[in-house]
Amino acid sequence: MKTLTTSHRDTATGPVLHVAGEMDYDQAPELRRQVDQLPLAPGQCLVLDLSGLEFCDSTGITTLLAARQHALAAGADIVLAGVPANLLRVLTLVGLDQVFTLRPDTSPAS
């Protein structure tokens with residue numbers, strides 16, 4: 001099992017969290033803690049760069065939904081970037097592709 005790692009950078013439009021490794025029952029709470037501690041201002045956009053994510057179980061998906069709630073409560077938006085094909089398939093099957101804004105990478109939307 002690969003440990004979940006994150007790195008954080010601030011941009012003009014809001015924070016970007018790069019997530020890598022495996023987000024499962026044991027490791028997802030760490031990402032949730034980090035997201036909950038991110039200060040977000042109204043109008044900002046939290047970007048979760050999932051390009052390094054190798055595995056995501058239902059707890060990981062719940063963590064993504066909790067991140068969305070955190071952003072919305074702050075009046076901010078959230079984007080999932082670089083979503084791996086296997087996770088994209090699951091998000092699509094359960095309709096979450098209609099809930100999240102998805103981008104192929106972390107570059108700003110045009």
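I started in helix 1, where R33 and E30 sit three residues apart, so about one helical turn separates them. This is a predicted model, which I kept in mind throughout. R33 and E30 form a salt bridge, with 2.4 Å between the closest N and O atoms. I looked up how open the two are: R33 counts as partly exposed at 38% relative accessibility, and E30 is partly exposed too, with a relative accessible area of 35%.

Next I asked how many salt bridges a search of the whole structure finds. It finds two. The other one I noted joins the side chains of E54 and K2, at 3.2 Å from N to O. E54 belongs to strand 3 and K2 to the segment before strand 1 (5-11), so this pair ties together parts 52 residues apart in sequence. E54 counts as partly exposed at 42% relative accessibility, and K2 counts as partly exposed at 45%.

Then I turned to strand 3 itself. Is strand 3 largely enclosed or open? Nine of its 12 residues (45-56) are buried, so the rest of the structure largely encloses it.

I checked its neighbours as well. Strand 2 (residues 14-23) pairs with strand 3 in the parallel sense over seven bridges. Strand 4 (residues 77-81) also runs parallel to strand 3, joined to it by five bridges. I picked out D49 in strand 3: it is the bridge partner of H18, and A81 in strand 4 is a bridge partner of D49.

Last, I followed the chain between the strands. Strand 2, helix 1 (residues 28-36) and strand 3 make a right-handed β-α-β unit. Strand 3, helix 2 (residues 58-73) and strand 4 make a right-handed one as well.

Methods
Residues numbered from 1 in each chain as written. Predicted model: local features only at pLDDT ≥ 70, side-chain atom pairs only at ≥ 80, totals over all residues. Heavy atoms only, no water. Buried < 20%, exposed > 50% of the residue type's maximum accessible area, 1.4 Å probe, protein only. Helix = DSSP H or I, 4+ residues; strand = E, 2+ residues; numbered from the N terminus. Pairing = 2+ DSSP bridges. Right-handed = clockwise from strand over helix to strand, strands pointing away. Salt bridge = Lys/Arg side-chain N within 4 Å of Asp/Glu carboxyl O.
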